[in-house]
Amino acid sequence: MFLERRLLDEAQVERLLLATAVGCGLGVAFATVIQAWAIARVVALALAKTLTGSSARQPFAIFAAATIVRALLAWGRTAAASVASQRLKDRLRQRLATHIAELGPLALGGEQTGELAGTLSEGIERLDAYVSTYLPQLALAAGIPIGIVILVAFRDLLSAAVLLVTIPVIPMFMVLIGGAASAKSRRQWTELARLGAHFLEAIQGLTTLKIFGRIHDEIGKIATTSEQFREATMGVLRIAFLSALTLELVATISTAVVAVQVGLRLLYGKLMFEPAFFVLLLAPEVYGPLRALGAAFHPGTQGVAAAERIFELLEAEAPHLEHAPTVPPPPELHIRFEDVGFSYPQHRGERAAALDGITLEIVPGTTLALAGPTGAGKSTIAALLLRFAVPGHGRITVDGVPLEEIELGAWRRTCAWVPQRPFLFAGSIADNVRLARPDAGMAAVERAVAAAGLEPVVMRLPAGLETQLGEGGAGLSGGELQRLALARAFLAEAPCLVLDEPAAHLDPRLEADLGAVMSRLLDGRTALVIAHRLQTLRTAGRIAIVEAGRIVETGTHEELLRSGGVYARMVAAE
Amino acid sequence: MRELRALLRLAKPLLPGIVLAVFLGTATVSAGVGLMAAAAWLIATASFHPPLGDLQMAIVAVRFFGVSRGAFRYAERVVTHSMTFRVLARLRVWFFERLAPLVPARTGGLYSGDLLARAVGDIESLEGFFVRVLAPPLTALVAGTALVIFFAFYGRAPALIEAGVFLAAGAGIPLAALALARRDGPLITGARAALGRASIELVQGLPDLVAAGRTRDAVTRAVGAGRRLTGALRRRAVRDGALEAAAGTLAQLGILAIFLAVLPAIRSGRLSGVGLAVIVLAALAGFEAIEPLPSAAASFREQRSAMARLLEITGANPAVTDPPIPLTIPAPWPADLPAIVMEHLRFTYPGAPAPALDGIDLDIAPGSAVAIVGASGAGKTTIIELLLRFWEGWEGRLELAGQDIRRYAADGVRAAFAVVSQRTHLFTATIRNNLLLARPGAANAELWHALEAAGLSDDVHAMPGGLETWIGEQGLALSGGQRQRLAIARAVLRDAPILLLDEPTTHLDTVTERQVLGALERIAAGRTTIMLTHRLTAMERYDTIVVLDRGRIAERGTHAELLAAHGLYRQMWDIAHREFTPA
Ligand SMILES: Nc1ncnc2c1ncn2[C@@H]1O[C@H](COP(=O)(O)OP(=O)(O)O)[C@@H](O)[C@H]1O
Ligand SMILES: Nc1ncnc2c1ncn2[C@@H]1O[C@H](COP(=O)(O)OP(=O)(O)O)[C@@H](O)[C@H]1O
Ligand SMILES: [Mg+2]
């Protein structure tokens with residue numbers, strides 16, 4: 001059957017509300033039975049020609065009361081179930097958002113951010129049908145048929161027996177339906193999804209298709225793929241519908257059998273009209289909940305698929321960034337990497353470690369520049385100092401204190417990060433500059449903006465510092481973004497900096513003073529710089545060359561040139 | 001109701017299918033009604049102990065309806081689903097046909113990727129319109145009418161009451177649902193968008209947030225946006241639940257009303273007890289026809305906004321129109337005419353404050369190699385987009401083979417160019433299929449020859465599947481350099497006289513860049529080549545270098561001339577060579 005254990009554990013928390021929903025559902029079924037009783041009563045009176053205003057008063061009143069109760073309970077069921085679903089979704093989203101933040105940027109991997117954001121928003125919403133409809137319906141489908149058969153048994157044993165015989169069909173029905181979710185048919189569905197994805201691709205590649213003059217061919221292809229998709233899907237569905245057909249046939253045939261069987265016994269005087277009619281009214285109700293379950297099944301499976309991804313994320317282990325007892329950041333900021341190794345949890349390549357045996361030293365107040373080819377591990381070294389993750393091997397110390405024992409929040413204020421491309425958050429430019437110091441006053445923001453050379457840009461914008469950025473707002477060009485990142489760092493006034501130097505542009509106006517701004521920012525600070533410009537390397541206190549996760553050379557520009565190693569060869573090649 | 005009209009227009013060719021679906025739906029409901037009515041008649045009549053023969057007909061009817069209902073339901077499901085996929089196919093073709101002339105000019109902008117992905121989702125949500133939204137009310141109408149006529153045999157009052165129930169529960173309640181939805185539809189859409197944005201900020205902005213110690217605020221924002229959405233959805237679900245309960249209640253009250261209305265008729269003997277039994281059970285079973293209507297209304301309100309979004313995209317006017325009698329580009333290319341002429345070419349993107357190109361003068365001779373260099377945003381790509389006829393509305397002169405570019409059909413113009421750009425789209429398919437795009441029906445030898453020219457044949461030989469290797473989602477199974485060389489192989493197959501290269505090495509490291517440039521050099525021989533770049537690598541090989549600065553030509557000349565001139569090019573060159581890109 002289709003139960004996701006961890007999702008059920010979550011639903012447990014809402015058991016009161018879900019039990020209320022199930023209770024209301026049972027109440028609806030019971031009210032339906034009462035209504036059937038009243039209808040049978042009235043019709044029996046009519047047949048006996050004793051239906052008058054007074055004899056009808058009692059069944060009419062009962063029918064009306066049952067109708068009102070039934071409506072209220074039906075509504076109560078929806079209300080309780082949707083509140084349960086709302087609470088569960090809110091709680092899971094809170095946990096998932098918090099957990100994503102705790103996992104940190106490294107655990108998430110580069111490309112799947114879109115999928116991850118989708119899981120946090122739409123993925124969690126997809127649990128709705130499972131929680132608010134499928135789960136309560138599952139309980140009702142198990143309970144109501146048996147309950148009604150028992151009630152029928154009180155009035156007519158033989159009819160109850162007929163209905164009871166069909167009850168084993170219920171698990172059979174479940175198995176059939178469950179079969180639709182089996183591994184095999186899931187594979188079929190993935191195959192279908194691939195056919196279905198063709199269209200999205202055609203749209204994304206539309207410009208390319210246009211350049212190649214292939215639009216007309218593509219329209220034909222979309223039509224044929226869609227047709228193939230239809231045929232393949234219908235092949236799967238025809239089988240899947242058989243389970244519904246089985247249920248439908250069992251329901252109507254057993255109703256028919258009950259009707260004929262009861263009719264014949266009436267004919268021979270072995271049964272009274274009223275119980276016979278009552279049983280006939282109830283027979284279809286035995287199968288109603290199962291039919292509803294079948295309808296809730298498909299949206300339910302989507303919820304289970306979403307839940308699998310959500311719990312997979314929630315179960316990923318977050319790094320332990322802080323070890324109590326903690327101390328405030330030491331004053332000197334003498335940073336050492338001692339034999340540091342690190343591997344990404346979901347590393348794709350065959351190489352096990354991204355970093356191996358890294359030993360480094362950053363003397364207070366000076367800059368250490370890292371250089372090396374793409375993928376060497378420079379960003380990973382920076383990430384460890386920023387405490388996005390903890391080393392798998394060795395340790396990082398500040399004035400001899402292991403990094404993990406330094407208060408995390410205080411470290412974030414001590415060590416600022418300047419990325420190549422800062423992320424723009426929806427909000428004003430001022431808010432974006434204030435990222436690391438949300439309480440900074442306007443005057444301080446203006447100073448930082450001026451220091452980063454962002455002022456001319458801000459002056460050009462319609463609302464100055466209050467111009468809204470992000471979706472629907474103004475965008476910034478690459479060079480402007482870099483200045484924004486620098487402005488953030490100026491405002492943060494952190495004594496330690498990790499700077500991912502922007503790659504060079506060809507715009508001389510832009511280039512001219514970015515270098516000057518950067519050296520002003522680095523001046524007097526303890527800094528780790530991922531360098532892309534020869535100029536930066538020349539002026540850095542020390543240089544470390546990283547290759548394939550190891551430090552291959554360290555020294556000043558002159559020392560490295562003199563030693564005639566890797567660095568000297570690189571510079572010569574320029 | 002523009003959306004509804006557009007949907008119905010799309011539905012027209014599917015009319016027979018819809019009629020069949022409605023017929024089968026009505027048949028299913030009628031079989032249900034028939035089963036219960038015949039069973040009621042059977043039991044009620046049997047209570048008078050008639051001879052068995054009097055019941056034979058009813059027994060047969062009960063059995064017949066019992067079996068046929070399941071069969072009808074099955075057939076209805078198969079037909080409606082099959083229809084759904086037909087609709088999907090039509091919607092896709094319809095949308096693609098309308099979108100094609102609009103790309104990229106009318107769908108540009110920062111979020112175009114999202115926009116198109118959302119459109120694909122919208123189309124999927126529309127697939128259910130005809131069978132889940134359009135068919136049920138028609139079924140209810142037909143089945144309801146039949147039921148009312150059936151009731152009319154038993155008296156006017158039951159028929160009127162049943163008609164009232166169908167109107168109130170089948171039309172009134174869904175319409176109420178639609179009216180209420182007008183208010184909260186935008187609310188929910190807005191909340192959904194806000195949640196999506198907050199989630200993206202948290203996930204993609206995470207490095208910035210973590211480093212600044214501000215994750216808590218972003219988590220709070222995302223969770224808050226989520227709460228607003230779940231709250232709005234809950235309110236809607238509770239309200240829909242109330243409406244659904246009300247529909248059921250109306251049907252049941254209808255039964256009570258029938259009881260009350262027929263009391264005098266029963267007493268006077270105008271209506272028999274048997275008749276009453278039949279009416280009541282038929283009314284109960286007939287509710288099946290209106291049951292899906294409230295949820296159909298709920299789907300419709302979502303589909304209406306999906307359709308509105310699609311119409312917003314497809315309603316745009318195409319950026320370019322072909323001339324009534326287009327010229328054809330002469331083949332072979334006339335050697336005496338300049339390949340491309342631009343004179344005082346000016347272009348401003350719609351809505352942009354300043355022109356992206358501001359007076360470009362440039363003659364490109366057939367067979368020459370021209371480099372256009374400039375910082376990002378200088379206007380390089382704009383030149384290419386104008387050449388490919390993605391935009392109209394430029395001023396000045398833009399000629400291809402001696403004729404105004406607007407005198408050719410857009411497809412004809414594009415056939416003159418082979419394009420390799422920084423982000424050439426590769427399709428999730430095999431290497432062969434990606435190559436065939438450029439020359440359908442090409443023989444294996446031609447494909448290998450193109451791969452050879454692009455410097456990719458050794459790589460493909462080494463792959464287990466050879467030409468049949470599946471290159472993953474948009475080519476992600478290949479390395480960056482392999483992807484670009486595959487794009488180059490495609491350009492080779494294209495065999496067009498002019499090669500347009502838009503920063504083909506931007507995302508590559510230095511070593512790979514050299515490989516790709518080498519491949520380009522091989523295929524450029526004998527073709528007119530226009531290279532756009534902001535990386536100043538191997539500039540000596542161009543006949544002319546044009547330096548573009550904010551939409552104007554700042555300098556032009558050969559590499560040696562420009563270096564000697566000590567102008568903008570020289571400054572760029574110095575910056576590029578202060579850059580340190582260790583390989
Ligand atoms: N989030 C990640 N998940 C898995 N592997 C990663 C991740 N980020 C980087 N890597 C891998 O770790 C290695 C070092 O990468 P990185 O530190 O980014 O190098 P650099 O900054 O020198 O270019 C590379 O092999 C890279 O593929
Ligand atoms: N679709 C568009 N709509 C509006 N403005 C655009 C569009 N595409 C580019 N621009 C603007 O036109 C200018 C030139 O852009 P582009 O030709 O892409 O430069 P390059 O290719 O040299 O980087 C830039 O200011 C850019 O922002
Ligand atoms: Mg460009």
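Start with Asp358(B). At 17% relative accessibility, Asp358(B) counts as buried, because buried means under 20% relative accessible area, with exposed over 50% and partly exposed in between, using a 1.4 Å probe and protein chains only. Asp358(B) sits in strand β2 of chain B, residues 357-364. Strands here are DSSP runs of E, at least two residues, and helices are runs of H or I, at least four, numbered from the N terminus.

Which side chain does Asp358(B) join in a polar contact? It is that of Arg552(B), at 2.9 Å. A polar contact is a pair of N or O atoms within 3.5 Å; within protein, one must be able to donate a hydrogen and the other to accept it, and residues adjacent in sequence count only if both atoms are side-chain atoms. Setting aside neighbours within four places in sequence, Asp358(B) is in contact with Leu345(B), Arg346(B), Gly551(B) and Arg552(B). Contact means heavy atoms within 4.5 Å.

A word on the source. This is a predicted model, where local features need pLDDT of at least 70, side-chain atom pairs count only at pLDDT 80 or more, and totals for chains, interfaces and linings use all residues. Residues are numbered from 1 along each chain as its sequence is written, chains are lettered from A and ligands numbered from 1 in the order written, and side-chain values use heavy atoms, leaving out hydrogens and water.

How confident is the predictor? Chain B has a mean pLDDT of 89, and 96% of its residues reach 70 or more. pLDDT is the predictor's confidence in each residue, from 0 to 100. The complex gets an ipTM of 0.90 and a pTM of 0.85.

Next, ligand 2. The residues surrounding ligand 2 include Tyr349(B), Gly377(B), Lys380(B) and Thr381(B), each with a heavy atom within 4 Å of the ligand. Oxygen atoms are worth a look here. One lies 2.7 Å from a polar backbone atom of Gly377(B). For Lys380(B), the distance from a polar backbone atom to a ligand oxygen is 2.8 Å. Thr381(B) uses a polar side-chain atom, 2.6 Å from an oxygen of ligand 2.

Last stop, chain A. Leu499(A) lies in strand β9, residues 496-500. Is Leu499(A) buried or exposed? Buried, at 1% relative accessibility. Ile530(A) is 31 residues away in sequence, yet the C-alpha atoms are 6.3 Å apart. Among the residues that Leu499(A) touches are Val418(A), Leu486(A), Met518(A) and Ile530(A).
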